[in-house]
Amino acid sequence: MLSLQRIESGYGESNVLRGVNLDVEPGQVVCLMGRNGVGKTTLMKTLMGLLKTRKGSIQWKGQELSTHDPAKRARSGIGYVPQGREIFPQLTVKENLLLGLETSAASVKTFPEDVLAMFPVLATMYGRQGGDLSGGQQQQLAFARALAARPGLLLLDEPTEGIQPSIVEDIRQVILQIKAKGEISILLVEQSIDFVRGAADYIYVMDKGAIALQGTPRELDMSQFEHHLSV
Ligand SMILES: Nc1ncnc2c1ncn2[C@@H]1O[C@H](COP(=O)(O)OP(=O)(O)OP(=O)(O)O)[C@@H](O)[C@H]1O
């Protein structure tokens, strides 16, 4: 349903991605791993259209996406939770969540009560400004806002990075709940081998802008896996 073929992209003169091939099937959790600086965020941004695809193709539900702008990609059902806490600090939790509906694929404009139920802490802080939330809570808000748009595919770029352990666990539980429902595919950048081995249907390991290793958690050779992840 998502298929990347020979993707190249980068910044200025330099190419970061050097021919990335990657697939995400319906309902799958696909994890993207790799050391710092190998191009994982660059791949997410290229997928979302924040960086230009220089070569290659991005097929999503049979449509070529690589020439579409980010808003059009969002409307076609791709949700993106970037690295960091990109919420609107001056807006309330409620207003931030409602903004998620603006990018929703079609006529789904009902308030996402079920999404709020997945993040109980947000319900208790509904009228507070986004900027008053802790870093981990802001990350949950960004996640909830993306879910509010009812995406078919969710791109999560290290959603647990730099967050207190209890919230890391909450976020991981939400990922597992989504997987159990099977309605939304997830492409997840994640560093924890233990979590990935438990949650992923399929794993891609990047090195120097290309996929160096791929397979199901059972198929992957652990020594090779660790070789590509060790600093
Ligand atoms: N805005 C930018 N301008 C120029 N080069 C950049 C920019 N952002 C990233 N890069 C470079 O692109 C390469 C890939 O970076 P990218 O952020 O995609 O890696 P990553 O695998 O996501 O790493 P991390 O885990 O540290 O986020 C790095 O060499 C980085 O220095």
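Q: Which residues of H6 and H7 meet each other?
A: On the H6 side it's Gly136, Gln139, Gln140 and Phe143, and they meet Ile167, Asp170, Ile171 and Val174 in H7. Keep in mind that this is a predicted model.

Q: OK. At what angle do H6 and H7 pack, and how far apart are their axes?
A: The angle is about 15°, and the axes are 10 Å apart. Angles under 35 degrees count as roughly parallel, so H6 and H7 are roughly parallel to each other.

Q: And is the crossing of H6 and H7 right-handed or left-handed?
A: Right-handed.

Q: Let's stay with H7. What span should its 17 residues have, and how far apart are the end C-alpha atoms?
A: H7 covers residues 165-181, and at 1.5 Å a residue it should span 24 Å. The end C-alpha atoms are 25 Å apart, which agrees.

Q: Which residues of H7 are buried?
A: Asp170, Ile175 and Ile178. Looking down the axis of H7, these buried residues fall within an arc of 140°, so they line one face of the helix.

Q: Why do residues three or four places apart point the same way in an α-helix?
A: Because an α-helix has 3.6 residues a turn.

Q: What covers the buried residues of H7?
A: The cover includes strand E3 (29-33), helix H6 (135-148), strand E8 (185-189) and helix H8 (193-199).

Q: And which exposed residues sit on the face turned away from the buried side of H7?
A: That face carries Pro165, Ser166, Gln173, Gln177 and Ala180.

Q: What follows H7?
A: Glycine 182, with a positive phi near 75°.

Q: Back to H6. How does H3 cross it?
A: The axes of H3 (residues 93-102) and H6 come within 6 Å and cross at roughly 35°. H3 passes H6 in a right-handed crossing.

Q: Which residues meet there, between H3 and H6?
A: From H3 there are Val93, Asn96, Leu97, Leu99, Gly100 and Leu101. They meet Leu141, Ala144, Arg145, Ala146 and Ala148 in H6.

Q: New topic: valine 16. Where is it found, and is it buried or exposed?
A: Valine 16 is in strand E2, residues 14-24. It's buried, with 21 other C-beta atoms within 10 Å; 20 or more makes a residue buried.

Q: What does valine 16 touch, leaving out residues up to four places away in sequence?
A: Ser9, Gly10, Tyr11, Gly39, Thr42 and Gly209.

Q: Last one: how far is valine 16 from leucine 91?
A: Their C-alpha atoms are separated by 35 Å, and the two residues are 75 residues apart along the chain.

Note on methods:
Residues numbered from 1 in each chain as written. Predicted model: local features only at pLDDT ≥ 70, side-chain atom pairs only at ≥ 80, totals over all residues. Helix = DSSP H or I, 4+ residues; strand = E, 2+ residues; numbered from the N terminus. Expected span 1.5 Å × (residues − 1). Buried ≥ 20, exposed ≤ 12 C-beta atoms within 10 Å, placed from the backbone. Arc of directions from axis to C-beta. Contact = placed C-beta atoms within 7 Å. Axes fitted to C-alpha atoms, helices over the stretch in contact; angles between N-to-C directions. Parallel < 35°, antiparallel > 145°, perpendicular 65-115°, else oblique. Left-handed = near helix turned anticlockwise from the far one by under 90°.
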